[in-house]
Amino acid sequence: MRVRATAATAALLLAALTACGGGDDGGTEAKGRASATAPAVDCMDENISQADWMAHCSDEGAEPGGDSTGRQAAVLEFGESYTWPDGLEVTVVDAKVFTDHDEDLLESPEPGNTDFRVGLKLENGGTEPVALDDLSLIVEGATNGGEATFTLFSNGSQPLEGRLAPGVSTTKNHDNSIESEYGRKIVVTVQRNSDDSSLAFPEFNGTITD
């Protein structure tokens, strides 16, 4: 009885699979075609699902050649330049130890920290003025972690502020302090405030020098 029941069950399963198989061949193939030809996800759509955003738009989940390739940061070295679509070009020129503290303003080096100044060059190759205070920097240690603290030393300070007219270039700087234990190799990320969520933020690698 057990053998006959097993055989009967197998026959029923085989019949069911055969009946479904005719639809699977076409159905599976059709699904494959639909997936391959599906329209790209619109990363600017406010109603996009979290799953689609993670799969197609975030830096972590984006597929090669997907919609988020424009979001991926350019990785550069000090002295190299990055140009945004509107023509603004930025170069992290260098990062140098800062020692010219103004004692009259009670500026002084903090024990265990390295004070340094990042030098920037900016050129507006576009057709519209650019607000420089839309730019900001994140400076991180590139060896064993650590993040620099933004500060402002008075002597020689040229902060990111004002507007840059078309066809004009300028130099600015950004003052920082980082715990010495994190070393002198750093990564400088230049961020830009914009309504364009796909705007890339370039990263510049270099070393703090004396």
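Figure 1. Among contacts in the chain between residues at least 6 apart in sequence, where contact means heavy atoms within 4.5 Å, 67% join residues at least 24 apart. This is a predicted model, in which local features need pLDDT of at least 70 and side-chain atom pairs count only at pLDDT 80 or more, while totals for chains, interfaces and linings use all residues. Residues are numbered from 1 along each chain as its sequence is written, and side-chain values use heavy atoms, with hydrogens and water left out. The chain has two helices and 11 strands, these being DSSP runs numbered from the N terminus (helices are H or I with at least four residues, strands are E with at least two). Of the 210 residues, 29% count as buried, a word that stands for under 20% relative accessible area, with exposed for over 50% and partly exposed for values in between (1.4 Å probe, protein chains only).

Figure 2. The chain averages a pLDDT of 80, and 67% of the residues score at least 70; pLDDT is the predictor's confidence in each residue, from 0 to 100. Over residues 1–39 pLDDT stays under 50, and the model has one contact beyond four places in sequence for this segment. Over residues 60–70 pLDDT also stays under 50, but here the model has 20 contacts beyond four places in sequence.

**Figure 3. An aromatic pair formed by Y82 and W84.** A search of the whole structure finds two aromatic pairs, and in the pair shown here the ring centres of Y82 and W84 are 5.6 Å apart with the planes at 85°, so the pair is edge-to-face. Rings of Phe, Tyr and Trp (its six-membered ring) pair if their centres lie within 6.5 Å, and planes under 30 degrees apart count as stacked, over 60 as edge-to-face and the rest as tilted. Y82 is buried, with a relative accessible area of 16%, and W84 is buried as well, with a relative accessible area of 2%. R192 lies over the face of W84, at 5.1 Å from the ring centre; a charge sits over a ring if NZ of Lys or CZ of Arg is within 6 Å of the ring centre and within 35 degrees of the ring normal.

**Figure 4. The stacked rings of F98 and F153.** The centres of these two rings are 4.4 Å apart and their planes are at 5°, so F98 and F153 form a stacked pair. Because F98 lies in the loop between strand 3 (88–97) and strand 4 (113–124), and F153 in the loop between strand 7 (149–151) and strand 8 (163–164), the pair ties together parts that are 55 residues apart in sequence. Both F98 and F153 are buried.

Figure 5. R117 is buried, with a relative accessible area of 14%, and its side chain reaches the backbone oxygen of F153 at 3.2 Å. A polar contact of 2.6 Å joins the side chains of R117 and D175; such a contact is a pair of N or O atoms within 3.5 Å, where within protein one must be able to donate a hydrogen and the other to accept it, and residues adjacent in sequence count only if both atoms are side-chain atoms. Leaving aside residues up to four places away in sequence, R117 touches several residues, including D94, F98, N155 and H174.
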